[in-house]
Amino acid sequence: MQVSDEFRDGLIEAIPSLRAFAFSLIGRSDRADDLVQETLTKAWANHHSFTPGTKLRAWLYTILRNEFYSQMRKKGREVEDVDGAYSRNLAVHPEQHGHADMGDMNRALNLLPADQREALILVAASGFSYEEAADICEVAVGTIKSRVNRARKRLAEVLGVDGEAEYGPDPAAEAAIAHTALHK
Amino acid sequence: MPKETRDSTGKMNVASDADQSAGRPRSLDKSVQSAIGARLRAYYDEVAREAVPDRFVELLKQLEQKDSGGEGRD
């Protein structure tokens, strides 16, 4: 069965955000792009199982996430050790994207358990609803809410964001605070 | 309920969170939530805004060729 133009265009359109999702899960861009490549290949091969009219982007994120965890398992690691892999990656390639703040956010995300990290990213960065994130992660909506809540709290501590920052501190000051919090 | 609003690059306008509802007294202050949300999106969008590497253009081409070239199964 031929892949429709619409499906192909949808894949192309999703690449930038899939790359961002993969990068925020892994913390390293070369591995993240490998994961996106595998996701696109898999999506193409299984295009017949996509239901037109439903959200292609959520479907692709589900594939990427499943692929990520299945790779971790194949490598003989427990899923929990995703965190370990993340740390090692950071040690090798800190701040790949050049922006000083990226490294701090990477390190902060690294302090979160993998399940909290993905829940937070899906809801707070990828723009999925709690319900969609729950579908992607195959857990209850309440579970996603509590993971996101815990992840936010932890990030607030680590990044030194407090309630007085009504409009957010200026980026330089914020980065300095985060730096201090991470390295003390 | 959080209202989902996003564009193709995955950017999102954070609507009010369900966490803010009653019965969750320990939820983060709203300004903290939005500060964290803003930083996360900046981090995420930094990658999402990068030019798509050539390898993906090549990949799509290959997949299309394989498709039109008959039964390439593996």
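**Reading the aromatic pairs**

Author: Phe7(A) is buried, with a relative accessible area of 7%. Please note that this is a predicted model.

Reader: Is Trp59(A) buried or exposed?

Author: Trp59(A) has 17% relative accessibility, and residues under 20% count as buried, so Trp59(A) is buried.

Reader: How many aromatic pairs does a search of the whole structure find?

Author: The search finds 7 aromatic pairs over all chains. In one of them, the ring centres of Phe7(A) and Trp59(A) are 5.9 Å apart. Planes over 60 degrees apart count as edge-to-face; here the angle is 70 degrees, so this pair is edge-to-face.

Reader: Which parts of chain A does the pair of Phe7(A) and Trp59(A) tie together?

Author: Phe7(A) belongs to helix H1 (residues 5-26) and Trp59(A) to helix H3 (residues 56-74), so the pair joins parts that are 52 residues apart in sequence. Another edge-to-face pair is formed by Phe68(A) and Tyr69(A), with 5.1 Å from centre to centre and 65 degrees between the planes. Both Phe68(A) and Tyr69(A) are buried.

Reader: Which residues do ring pairs link into a cluster with Phe7(A)?

Author: Ring pairs link Phe7(A) with Phe50(A) and Trp59(A) in a cluster.

Reader: Where does the charged end of Lys145(A) sit?

Author: The charged end of Lys145(A) sits over the ring of Tyr130(A), 5.6 Å from the ring centre.

Reader: What is the mean pLDDT of chain B?

Author: The mean is 71, and 57% of the residues of chain B reach 70 or more. Across residues 1-25 of chain B the pLDDT is below 50, and this stretch has 58 contacts in the model beyond near neighbours in sequence.

Definitions and conventions:
Residues numbered from 1 in each chain as written. Chains lettered and ligands numbered in written order. Predicted model: local features only at pLDDT ≥ 70, side-chain atom pairs only at ≥ 80, totals over all residues. Heavy atoms only, no water. Phe/Tyr/Trp six-rings, centres within 6.5 Å; stacked < 30°, edge-to-face > 60°. Helix = DSSP H or I, 4+ residues; strand = E, 2+ residues; numbered from the N terminus. Buried < 20%, exposed > 50% of the residue type's maximum accessible area, 1.4 Å probe, protein only. Lys NZ or Arg CZ within 6 Å of the ring centre and 35° of its normal. pLDDT = per-residue confidence, 0-100. Contact = heavy atoms within 4.5 Å.
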